[in-house]
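Good morning, and thank you for making time for this item. I would ask you to keep the sequence and the structure in view while I speak.

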Amino acid sequence: MLTQTRLAEIVAAAREADITVATAESLTGGLLAATLVQGPGSSAMLQGGIIAYQNSIKERLLGVSASLLETQGAVDPQVACAMALGVCSAAGARVGISTTGVAGPEPHQGKEVGHVYIGVAFDGEAKSYEYHFLGDREMIRMQATQEAVSLLEQVINAAREQKLSSDS
C-alpha cells in the first residue's frame, strides 16, 4: 500500500538525487500522476504527465512511431519504452514512467486482460517490465500504479546511491 509517508520518502529521495519525473499513461489514465501528487512536496519532483489513451496522442505528444504502433500495437514493450522516453523529452524530466496494457473487460489486440508493460526511462535509456495482473479494471490499474511507483523508487534509490558515492 502506498502511504503518504512512503510517497514523502520517495519525493525526498528524488530531491536528494536531483531527479525529476514525468508520466506517460495509457492504461492508468492519470492514476499514476494522481498518486504521486499525494506525496507532500511532490512538486519538487513531478514535472507533469501525458495521458495518451489513443495511439494518435502517443504519436503526436510522445513521439511513438506510427509504424511501431501499427505493427506491434499499443500493448508492447517497445511502445512502453518509447512512451517513457517521449515524456522525458516533452516534460524535460530525467525519469519517465509509462503504463500501457489491457485493463479489460475484454482482451485487446491479442493481449489478455491484465497484460501490462511499464516503461522506465532514465537519462535517455529505457527499459520495459512485463506484468500479468489479475482482477477487474480497477484492480489492474491500481496494481500497475503501485508497480510503477515501486520501479520509480528503485530508480531514484539507485541514482541517489550513485550521487552519494560520486560526492564522496
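**Helix H1 and its surroundings**

Helix H1, residues 4–16, has 13 residues and reaches 18 Å from its first C-alpha to its last, close to the 18 Å expected at 1.5 Å a residue. That expected span is 1.5 Å times one less than the number of residues. Helices here are DSSP runs of H or I with at least four residues, strands are runs of E with at least two, and both are numbered from the N terminus.

A word on the source: this is a predicted model, in which local features need pLDDT of at least 70 and side-chain atom pairs count only at pLDDT 80 or more, while totals for chains, interfaces and linings use all residues. Residues are numbered from 1 along each chain as its sequence is written, and side-chain values use heavy atoms, with hydrogens and water left out.

Which residues of H1 are buried? They are Leu7, Ile10, Val11, Ala13 and Ala14, where buried means under 20% relative accessible area, exposed over 50%, and partly exposed in between, with a 1.4 Å probe and protein chains only. These residues lie on the same side of H1, because they cover an arc of only 165 degrees around the axis; the arc is that of the directions from the helix axis to the C-beta atoms. Their cover includes helix H2 (31–36) and helix H6 (137–167).

The loop between H1 and S1 holds Ala17 and Asp18. Ala17 is buried, at a relative accessible area of 3%. Leaving aside neighbours within four places in sequence, Ala17 is in contact (heavy atoms within 4.5 Å) with Arg94, Ile156, Ala159, Arg160 and Lys163. Ala17 and Asn157 are 140 residues apart in sequence, yet 8.1 Å apart in space, C-alpha to C-alpha. Asp18, by contrast, is partly exposed at 49%.

I turn now to the sheet. Five strands form an open sheet in the order S2-S1-S3-S4-S5, with mixed pairing; two strands pair if DSSP finds at least two bridges between them. Strand S2 (46–51) and strand S5 (125–132) stand at the edges, each with a single partner strand, so one side of each is left without a neighbour in the sheet. The twist averages 15 degrees from one strand to the next.

Helix H5 (residues 77–91) lies across S1, S2, strand S3 (95–101), S4 and S5, at about 140 degrees to S3. For these angles, axes are lines fitted to C-alpha atoms, for helices over the stretch in contact, and angles run from 0 to 180 degrees between N-to-C directions.

Finally, the backbone geometry. Most residues other than glycine have a negative phi, and most peptide bonds are trans. Asp18 has a positive phi, near 55 degrees. Asp123 has a positive phi near 50 degrees; this residue sits in the loop between S4 and S5 and is partly exposed at 45%. The peptide bond from Gly104 to Pro105 is cis, with omega near 20 degrees, and Pro105 lies in the loop between S3 and S4.
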